[in-house]
Amino acid sequence: MAVAPDEWENLAIEADNASLEGKEADPDAIPNNAQAYAQQLKDQRNEIRKKELEDALATFALDPKAERRKNKKPFVCCCPGVRRFFGLCYFKNLHEAVIDGDTSTIISKLQNAQAKDARAIKRLGGVERTVHGKKHDGEENKDHFQGKAAALSNKYDKHGRTPLSLAVKEEREDIVDLLLSLQADPDMSEDLEHHPARLTGASPVMHAVLADLPGSILKLQSSHADFNLKNKHGMTAVMLACLSGDADLLEMLLEQGGDPEAKDKGGWTPLIYAAYGGNLECVKAILETGASKKTKDKHKHTAYDWAMYIRKNLKSFKHGQCEAYLEEFKPQLVLRRRG
């Protein structure tokens with residue numbers, strides 16, 4: 001039986017299928033010349049695969065890093081879920097230990113770093129770790145030790161967060177106290193330079209205000225934290241407290257040196273934030289410090305203007321209370337002045 005040239009391929013495929021199924025091809029359906037062509041295709045395919053394998057082995061042998069890659073140990077990844085399930089992880093860094101609340105790992109890592117500092121000081125005669133002054137507005141210089149322990153406790157993770165800010169976010173006041181006792185910087189804000197889109201540059205004090213942790217605020221204050229640091233919007237911890245409406249927290253911040261007349265990038269003061277949020281107790285607390293109620297933002301609006309605007313548009317009773325108090329307030333009735 002004659003076979004057309006365009007049917008050689010189909011016949012070869014049929015021969016392959018027949019051999020794979022463990023049965024011989026029908027000699028009547030497939031002539032001898034078709035079987036020979038199928039065998040030729042198989043030989044060509046095997047030669048091509050053999051040549052590709054030889055080329056790959058030759059390239060691997062010529063690569064100087066091939067042997068190192070061959071003997072390199074596989075990377076072991078330990079995710080937070082596995083750590084929480086088993087309660088133990090040998091690959092945990094300081095930030096992960098803070099998130100997991102693993103105080104033993106935190107103490108172990110920082111004590112090891114302090115031991116390295118002590119050996120370096122002993123070996124180099126006190127040159128390895130030096131004291132530097134850090135000055136803020138209206139404050140005296142504060143000593144910061146630049147050693148391995150300080151570098152570890154103030155190191156950013158890949159998301160731009162410090163161990164202290166993570167401890168405050170996780171509401172772990174025991175870890176906050178532990179990190180502050182082991183040279184953590186209470187004024188170190190988030191890494192806004194490398195993460196401007198996802199971070200606000202908030203300080204640990206701001207995180208404590210947002211999480212409503214007065215205990216952490218007192219611990220930060222005992223470590224001489226700056227309560228007037230600003231985030232990328234120019235907001236301070238006092239402004240955040242006024243916006244949230246927590247009068248007790250606001251009183252604590254004002255007693256610890258928070259500025260009641262600070263301005264953000266839009267010219268808003270803590271009083272404007274308190275009036276905008278309709279928080280009457282915060283408005284009273286700010287005015288009792290002697291802050292002016294006539295301070296205007298960049299659009300020439302006062303706290304009274306914002307309270308009246310929201311009261312008219314939203315029919316808000318609490319904003320109406322703030323509006324009435326601001327209108328009737330007289331500066332000579334101030335009971336408590338700053339300083």
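In this predicted model, the backbone nitrogen of Asp 187 lies 3.1 Å from a polar atom of the side chain of Asp 185. Asp 185 belongs to the loop between H9 and H10. With a relative accessibility of 10%, Asp 185 counts as buried, because buried means under 20% relative accessible area.

The loop between helix H9 (173-181) and helix H10 (204-210) also holds Glu 190, whose side chain meets that of Lys 169 in a salt bridge, with 3.3 Å from N to O. As for accessibility, Lys 169 is partly exposed, at a relative accessible area of 36%, whereas Glu 190 is buried, at 7%.

The salt bridges come to a count of 4. Side chains of opposite charge can pair when their charged atoms come close. Another of these pairs joins the side chains of Arg 172 and Asp 174, at 3.0 Å from N to O. Here Arg 172 counts as partly exposed, at 26% relative accessibility, and Asp 174 is likewise partly exposed, with a relative accessible area of 41%.

A further salt bridge is formed by the side chains of Arg 311 and Glu 323, at 2.8 Å from N to O. Arg 311 lies in helix H16 (residues 303-314) and Glu 323 in helix H17 (residues 317-328), so this pair ties together parts that are 12 residues apart in sequence. Arg 311 is partly exposed, with a relative accessible area of 29%, while Glu 323 is buried, with a value of 8%.

H15 and H17 pack at an angle of about 20°, and their axes are 9 Å apart. Because angles under 35 degrees count as roughly parallel, H15 is roughly parallel to H17. The crossing in which H15 passes H17 is right-handed. On the H15 side, Leu 280, Val 283, Lys 284 and Leu 287 take part in the contact, and they meet Gln 321, Cys 322, Tyr 325 and Leu 326 in H17.

Helix H15 (residues 280-288) also packs with helix H13 (residues 247-255), again at an angle of about 20° and with the axes 9 Å apart. H13 is therefore roughly parallel to H15, and H13 passes H15 in a right-handed crossing. The contact is made by Ala 247, Leu 250, Glu 251 and Leu 254 of H13, together with Glu 281, Cys 282, Ala 285, Ile 286 and Glu 288 of H15. An α-helix has 3.6 residues a turn, so residues three or four places apart point the same way.

Both H13 and H15 are also among the elements that cover the buried residues of H12, as are H10 and helix H14 (270-276). Why is helix H12 (residues 237-244) described as largely enclosed by the rest of the structure? The reason is that 6 of its 8 residues are buried. In H12, these buried residues are Ala 237, Val 238, Met 239, Leu 240, Ala 241 and Cys 242. Following H12 comes Gly 245, which has a positive phi, near 85°.

Key:
Residues numbered from 1 in each chain as written. Predicted model: local features only at pLDDT ≥ 70, side-chain atom pairs only at ≥ 80, totals over all residues. Heavy atoms only, no water. Helix = DSSP H or I, 4+ residues; strand = E, 2+ residues; numbered from the N terminus. Buried < 20%, exposed > 50% of the residue type's maximum accessible area, 1.4 Å probe, protein only. Polar contact = N/O pair within 3.5 Å; in protein donor to acceptor, adjacent residues only side chain to side chain. Axes fitted to C-alpha atoms, helices over the stretch in contact; angles between N-to-C directions. Parallel < 35°, antiparallel > 145°, perpendicular 65-115°, else oblique. Left-handed = near helix turned anticlockwise from the far one by under 90°. Contact = heavy atoms within 4.5 Å.
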